[in-house]
Amino acid sequence: MELTNPPSSNVVLLRHGQSIWNKIPTFSGWCDVPLTDRGIEQASGAARVMKEKGFVFDFVYTSALSRAYRTAEVIMEEMNDNEIAVEKAWQLNERHYGALQGLAKNNPDLVQKYGKEQLTAWRREMTAAPPPMNEIHPHWAPPPAPLTESLLDTQERVIKYWHETIVPSLRPEGKNALVSAHANTIRSLIAYLDDLSHDEVPSIHVPNSVPCLYKIDPKTGKAIRQDFSPLSKSKGVWILSAENLERLVEKLGGNSEAFARSVFSAWDSNNDGVLTKEEIMSGLSSWQRDDNPAIKALSGKLMEELIHSNDSFEDISLEEFQNLAVMGSRRHNLPFFSDEKLEIPIASSVGSITV
């Protein structure tokens with residue numbers, strides 16, 4: 001009897017579009033701040049690329065904060081799928097920043113009172129929590145709002161909701177879901193799905209309104225590795241478009257794994273796991289038209305590396321593409337992939353490359 005794998009579910013994780021306090025920037029936490037006009041357009045752009053890729057959702061989950069659920073509403077409107085109810089849950093709310101909520105992140109009084117190192121620890125260390133707020137705080141709210149949270153506190157409530165509500169909705173047919181939430185709630189899910197250690201969590205950067213796709217086993221709620229580089233820790237892939245490429249660069253510029261995988265997926269138009277000459281030239285051409293000078297620079301240097309390796313442009317796998325991108329960036333001191341240490345030889349149609 002032939003054994004078959006159960007159908008997987010597509011789950012797209014999405015941080016809301018730009019809010020008015022993202023623009024300042026301010027510790028937003030559980031404060032209910034609206035989207036900017038740019039944030040609404042970012043949500044529309046996310047909807048367009050998902051619609052173009054053929055995504056259809058059975059469920060939409062979002063936080064109880066308007067910047068997240070308005071993002072979800074804009075997406076459903078853009079995808080002409082208003083029949084799906086958007087389920088709001090406080091468990092998907094942003095991390096609660098305690099007494100810091102409502103204060104500008106570069107507030108000189110905060111720096112003077114606590115010091116830059118302590119403020120950085122509160123923002124990035126997994127178990128560090130800001131000072132709790134009290135009932136006289138202008139943004140105090142009754143339970144279930146906490147008085148403060150660490151990243152670990154946030155992750156625990158998000159993962160609990162994931163297993164108690166989201167995962168059961170994916171069974172048994174392998175249904176698909178959109179999760180529209182916040183930087184720290186999406187960060188918590190990515191860390192869980194990619195099995196990252198606490199030390200690795202602060203390095204996860206989540207750009208506004210760039211969809212991140214995971215294949216999920218609906219029985220276990222665990223992520224299924226997609227057919228990408230074995231060098232990769234991540235099982236997800238960022239869904240690129242011309243509109244959100246720059247936001248991904250800004251957030252993930254130092255991470256070759258995330259960036260190269262996303263670019264590869266965007267350029268691989270027939271989803272066969274290799275890039276043909278035509279797909280590469282089309283992708284590079286789109287980069288050359290980008291307003292971001294760093295993207296234009298990388299496209300030129302990547303072209304040089306391709307020609308240097310093999311000017312016949314044979315089909316290129318993700319591993320080969322990632323190595324070529326790293327080589328081009330390092331050789332020309334471009335602001336991409338600077339943190340990668342790839343030390344294995346890759347033997348392939350584009351030659352043997354050791355980084």
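**Reading the terms**

Me: Why is Glu41 called partly exposed?

Reply: Glu41 has a relative accessible area of 39%, and that value lies between the two limits, since buried means under 20%, exposed means over 50%, and partly exposed is what falls in between (1.4 Å probe, protein chains only). This is a predicted model, in which local features need pLDDT of at least 70 and side-chain atom pairs count only at pLDDT 80 or more, while totals for chains, interfaces and linings use all residues. Residues are numbered from 1 along each chain as its sequence is written, and side-chain values use heavy atoms, with hydrogens and water left out.

Me: How many salt bridges does a search of the whole structure find, and which residues are linked in a network of them?

Reply: The search gives six salt bridges, and the network links Arg70, Glu73 and Glu77. Within it, the side chains of Arg70 and Glu77 meet at 3.5 Å, N to O; Arg70 is partly exposed at 29%, and Glu77 is partly exposed at 41%.

Me: How do you know that Lys235 forms a salt bridge with Asp195?

Reply: The closest N and O atoms of Lys235 and Asp195 are 3.4 Å apart, so the pair passes the cut-off already given. The pair links distant parts of the chain, 40 residues apart, with Lys235 in the loop between β6 (223-224) and β7 (237-238) and Asp195 in the loop between α7 and β5. Helices (H or I, at least four residues) and strands (E, at least two) are DSSP runs, numbered from the N terminus.

Me: Are Lys235 and Asp195 buried or exposed, and what makes them so?

Reply: Lys235 counts as buried because its relative accessibility is 12%, whereas Asp195 is exposed because its relative accessible area is 54%.

Me: What is the phi of Asp195, and what is that of Ser209?

Reply: Asp195 has a positive phi of about 55° although it is not a glycine, and Ser209, also not a glycine, has a positive phi of about 55°. Most residues other than glycine have a negative phi, and most peptide bonds are trans. Ser209 lies in the loop between α7 and β5 and, with a relative accessible area of 0%, is buried.

Me: Which peptide bonds are cis?

Reply: Among them is the bond from Ile24 to Pro25, with omega near -10°, where Pro25 is found in the loop between α1 (20-23) and α2 (37-52). Another cis bond joins Arg171 and Pro172, with omega about -5°, and Pro172 is found in the loop between α6 (151-169) and β4 (177-181).

Me: How do you know that the span of α6 agrees with its number of residues?

Reply: The expected span is 1.5 Å times one less than the number of residues, so the 19 residues of α6 should span 27 Å, and its end C-alpha atoms are 26 Å apart, which agrees. The helix α6 also bends by about 40° at Trp162, the bend being the angle between axes fitted to the seven residues ending there and the seven starting there.

Me: What makes a set of residues a nonpolar core, and which element gives the largest share of the largest one?

Reply: Such a core is a set of buried Ala, Val, Leu, Ile, Met, Phe, Trp, Tyr and Cys residues joined through side-chain atoms within 4.5 Å. The largest has 32 residues, and among those that touch the most other members are Leu13, Trp162 and Val179. Its largest share, seven residues, comes from α6.

Technical notes. A salt bridge is a side-chain nitrogen of Lys or Arg within 4 Å of a carboxyl oxygen of Asp or Glu.
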